[in-house]
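Here is a short report for a first look at this protein. Keep the sequence and the 3D view side by side as you read.

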Amino acid sequence: MKKKTVVIVDDHLLFAQSLESLILKIEGYHVLEILKNGKELTRYYLHKRKKPDLILLDIKMPVMDGVQTMHWLKENQPNQKVLALTMEDDEETIIRMLRAGARGYLLKDIHPDNFEYAMNVVIEQGYYYSGKVENLMKNSEDTILKKEHSPAEKLTDREWEFLKLACSELTYKAIALEMSLSPKTVENYRETVFRKLEVKTRVGMVIYCLKNNFFKI
């Protein structure tokens, strides 16, 4: 049976080696390389090394971090599947990685069984999210799949403007300034768009937009 191949990109060597040991215990998996940052990953590709089925990518790294690495991959290896594996669970970081093209976002405290499942799902089906991130997005994808007509058709022009800005890295306060509105009005827009799209969080809203190709990543 052909083994599924993985490249680990993480500057914490002890964690990366422990992760490699865990993966090697999973039947059907093989670790091609451990790299310390995104710059080493670019060299890996430039030397025409074997393209992995999956990259496990840390976010906070020296020289070239996870977001910068994702942007490079989007330009040079657009079909490469990547799972972000990090301790960062704030909403803004998740949105940045999703917009940059990450197929999933795992926290490093994930259970080994869930970790194995996540790798399989991303390689075979395309996307996976878990842990606190999964809680953030709860129910957002199921409601999308169940709808015959897109709930987005109900949005007004101003709600579309808010939606586009909310899918960026701007804070809600910055969105209010951009739209020349009060923070309270922007909060009302947020609640209305959440209700119309049937999502519960900003992350769920971003995933809705990405999956429906509303905005270019």
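This is a predicted model: local features need pLDDT of at least 70, side-chain atom pairs count only at pLDDT 80 or more; totals for chains, interfaces and linings use all residues.

## Around Met205

Met205 belongs to the largest nonpolar core, a set of 45 residues. Together with Ile55, Met97 and Phe162, Met205 touches the most other members. Which helix gives the most to this core? Helix α11, residues 202–211, does so, with seven residues.

## A second core

There is another, separate core. This one has 21 residues, including Val6, Ile23, Ile26 and Ile110.

## Helix α10

Helix α10 covers residues 183–197. Its 15 residues reach 21 Å from the first C-alpha to the last. That is close to the 21 Å expected at 1.5 Å a residue.

Which residues of α10 are buried? They are Val186, Tyr189, Thr192, Val193, Phe194, Lys196 and Leu197. An α-helix has 3.6 residues a turn, so residues three or four places apart point the same way. Just after α10 comes Glu198, with a positive phi of about 60°.

How many disulfides does the structure hold? The count is zero. Cys167 is in no disulfide, and the nearest cysteine sulfur, that of Cys209, is 3.6 Å away. Cys209 is likewise in no disulfide, with the sulfur of Cys167 as its nearest at 3.6 Å. A disulfide is a covalent bond between the sulfur atoms of two cysteines. The cut-off for counting a pair is sulfur atoms within 2.5 Å, and the Cys167–Cys209 pair is at 3.6 Å.

Are these cysteines buried or exposed? Cys167 has a relative accessible area of 1%, so it counts as buried. Cys209 also counts as buried, at 1% relative accessibility.

## The whole chain

Now step back. The protein chain has 11 helices and six strands. Of its 217 residues, 47% count as buried. The chain exposes about 11,700 Å². Carbon and sulfur atoms supply 49% of that area.

Contacts can also be sorted by separation along the chain. Among those with a separation of 6 or more, 68% come from residues 24 or more positions apart.

Key: Residues are numbered from 1 along each chain as its sequence is written. Side-chain values use heavy atoms; hydrogens and water are left out. Helices (H or I, at least four residues) and strands (E, at least two) are DSSP runs, numbered from the N terminus. Buried means under 20% relative accessible area, exposed over 50%, partly exposed in between (1.4 Å probe, protein chains only). Contact means heavy atoms within 4.5 Å. Accessible areas come from the Shrake-Rupley method with a 1.4 Å probe; for residues, only the protein chains shown count as cover. A nonpolar core is a set of buried Ala, Val, Leu, Ile, Met, Phe, Trp, Tyr and Cys residues joined through side-chain atoms within 4.5 Å. The expected span of a helix is 1.5 Å times one less than its number of residues.
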